[in-house]
Each structure stands twice: as structure tokens, then as C-alpha cells.
Amino acid sequence: MAKSKKQGGLGFKDISTFNDALLAKLSWRILKNPSCLLARCLIGKYCKEEDFLSIQASKSSSYGWKEQLRPYGPAPKTLKDLKVSDLMLANSTDWDHKKIDTILPFHKQVILQIKPSICNAPDEMVWLKSASGVYTAKSGYKAQGETTITEEAPVPETNIDWLANVWKLKTSEKVKVFLWNSLHDALPVGKQSAIRNIPLTSRCPRCNEVESVAHVLFTCSYAKKVWTLAPLAWRFDPSPVITTRNGQETLRLIPSLHPTGVGPGTLSASICWDLWIFRNHLVFQKRDFTPEETLLKATREAREWTISQDQLPKPQSHANRIAQDPTLDPNRTCMYTDAAWNPESRCAGLAGPSSSHSAPDTSLTSPLMAETLALRSALNSALHRGINTLLIRSDSQNLINLVNAKGRHLEIASLLNDIYLISSLFADVKFKFIPRLDNSRADYVSKQALLMYQT
Ligand SMILES: [Zn+2]
């Protein structure tokens, strides 16, 4: 149950691992903020001879230091003091290829993909398991989980797509948990009672066959009748179903017929649930219902659930937010930026200030990186032209959100740093998102730049 939902568990927290993840946050704080009181106390006491990352806890260390804060990782001893700046040419913002060949030849390609800062941003320590590069207990817990799972369970039990078959289905939580149980064969059917030596019959109360989960939900004559009557877009034949998984994987894709008004998977999940509920009525209360009654209840529940979802307040749509943007100040210089990225050649054409374009950039890992480069070069060019108040518009929503939130992102960390640094040199600079259609000129220029390079 402590496995993630994606891996077939219920996503419960493993408390001991979660505790480690929370404690690692303290280690992170000591690393990132060595002048805070906690760091000064602990480093002053324990790290007199060796630094925080390599020190081993001694017998006399306090319990907290030994068991909880003891740091681990990351680099081999010879390289432990190596910094990004050590791999760059002196007084330059370019990589020193010779040095990289000597020290880290196997990582050369990855290193060259990192675009260094042009503003001499300082080196800093980052946590690789989160997109922002900042340690969070959540990412620490996840990282720990990855290592434990690979150590303890080399062979996955099943390769069910748990998200598609259970957790992303459009149905209520109780039905999802029920489906999760049925896919794990964890419903108290007759077959399970027999395995556990519970003195109950192992036979189906309706047809006297051995009662398994797949039998109750699919192959029992009663279930077959319900599935035949079900208003599904195409006929579902439960006869060849051997396991619950077979049935579920087929059913979740079948849409319901129009009058029911429910999406694919919703009605079939409800039917499974009610087949189980009515089986229990029969076993424990001796009340029998017709297949029509089962189907009626399932359809009603599926429809009620769907309607209740439509009534939930929806987040404000995108178009509205753009429409509410205040009109622009006519004295402000406006720049449109865009990038055209080719995933095969990893090249990008950048469009920046007015209608000019720069030479294509190579070894870029993603469109986000290309868009960020375009934005940085626009900002830089505006600064050199002596522009004081600036509006930059880009069709990369992701990037604009990041920049406006002064956010961090590992892949483009140094570029973002430059953007924040250069922005502070303007009297006022704003970044706005525009839909791609409104950015057609910059889009055209960037595509031309890429095309010129490729031909
Ligand atoms: Zn049966």
C-alpha cells in the first residue's frame, strides 16, 4: 500500500522514509544557508576538520547528528570541490573543451548542453530530483522510494497501467478503490474464502461455479446478462474474459451510448461496482435483484456522478485572463520573441528584437531552453539599445509564468539567473504571454533562421 498509485499501491506514506525526507531538508538548509544559527552550531561542533558532506559521525556525536542529519553524497573525493566555473575558460563565459575532455570526458555532451550565464552568475548547489533545483521533502521522499523499490523488488508483479485502468477513470473515489481491490484479487469472493480456509461456500450463489472476482464481474451468467443490456457504444462480450484485468482494459475504452451522457469507462466502472453490491445483497441478505435493476442503478449512479462533476466550479479560462490584461502603455517598447526548435538536430532559430534574428543556437535540449535563450537575447539587446521601459511578449506560457514568478528551473537555471539580473537594470520591464497566433511575425522569423541554418 505504500507504493505509489502508479506502481499499483495506494500511495500511503512510508513514515520512516518520509521522516528521512523531512530530515534531509535540514541538511539542505545547512548546505544552502551555512550562516543560519542551526548550521553554525552544528558545523562549529562537528565539522572542524572535514567539511559537511564528507564528515562521518563519531561515537560521541549527538543522536540527532548521527541518525538524522548525517549527510551523504555526492561527488567522488577527487572531484568533490570541483565547481562549474572550473570547467570554463578564464575570464570568459565559454566552456573549456580541453578541460572537460580531461576531467569529465563521459559527461561532455551533457555539459555542453548547459548554457552558461553571460552575467557571471555564481555557482550554487542544486538538488537534481526537482525541476526547480531546490530540495523539497516530497522530491526527497520520491527519490528514496525509487532506490528502495529497485533494491527490494527487481521484478514488477504485473504491468498493469494503474493510472489508466483505475486512478484516471472518470468515476467516484469509492469505485476506484473497489476496482483497485478487484484488480489485486482482493475481494472476499468464494475462491478467496477457500484459500483462507474460511468455512463459507466457494461457489457462486447464482450459478454454482467457483466464484472468483472475474466470475462475479464478467463470466457469471447474471453478469453476462447485465453486460448484454448495457448501453455501450459497441458490444462487450465477457465470455473470453479470463482475468479482471482483461475485462477492465477493454471496458474502460468503450464509450456509453448518447442518452446516458457519461464518458468512456464511467458506466462500466459503475456496473462492476453494482454487480458486487448486488452479489453481497444476495449472499448476506438473501435479496435478489434482476439484471435490469442492477443496470438501472449503475446507470443512475454514473449519470449522477457525471452531473455533479459538471457543477463543480472551474478555474478561470485562459482566454478570459488575457482579455483582462490592462491596455498597454504606448511609451513602452514592445518586443516579441520566439524560437523554432528542431528536436533532431537540437538546433533552434531565435527571433528577438524587432524583426532581426540571431544565428541558430546548437545543442539545445528543449523548446523551453530555446525560448529562454530568445528572451535573454532580446533583453540583452534592449539593454544595449538604451531602452528603459520594456514589454517582452512570448508565446511560451511556461517560460513567462516562470519569469514572472521569479521561479527556478534546473535546465535553464543560468539563463533565468541572467534574465533576473538584466531585468533589474531596466527602469521597468514586464513579461507577457501571447497566444501563438498573435506572435506570427516572430514565429516566422525564428523558422526562417532555423531554415537558413539547415539548408
Ligand atoms: Zn455465477
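Visitor: What makes up the secondary structure of the chain?

Guide: In this predicted model, the chain has 19 helices and 4 strands. Buried residues account for 26% of its 455 residues. Among contacts with a separation of 6 or more, 60% join residues 24 or more positions apart.

Visitor: Why are α8 and α13 called roughly perpendicular?

Guide: The axes of helix α8 (residues 173-183) and helix α13 (residues 266-285) cross at roughly 75 degrees and come within 10 Å. Angles of 65 to 115 degrees count as roughly perpendicular; the two helices are therefore described in that way.

Visitor: Which residues make the contact?

Guide: From α8 they are V175, F178, L179 and S182, and from α13 they are A269, S270, C272, W273 and W276. By class, this contact has 7 nonpolar and 2 polar residues, with no charged residues.

Visitor: Which residues of α1 are buried, and why are they said to line one face of the helix?

Guide: A21, A24 and S27 are buried in α1. Viewed down the helix axis, the buried residues of α1 fall within an arc of 110 degrees, and therefore they line one face. I15 and K25, on the other side of α1, are exposed. In general, an α-helix has 3.6 residues a turn, so residues three or four places apart point the same way.

Note on methods:
Residues numbered from 1 in each chain as written. Predicted model: local features only at pLDDT ≥ 70, side-chain atom pairs only at ≥ 80, totals over all residues. Buried ≥ 20, exposed ≤ 12 C-beta atoms within 10 Å, placed from the backbone. Contact = placed C-beta atoms within 7 Å. Axes fitted to C-alpha atoms, helices over the stretch in contact; angles between N-to-C directions. Parallel < 35°, antiparallel > 145°, perpendicular 65-115°, else oblique. Nonpolar A, V, L, I, M, F, W, Y, C, P; charged D, E, K, R; others polar. Arc of directions from axis to C-beta.
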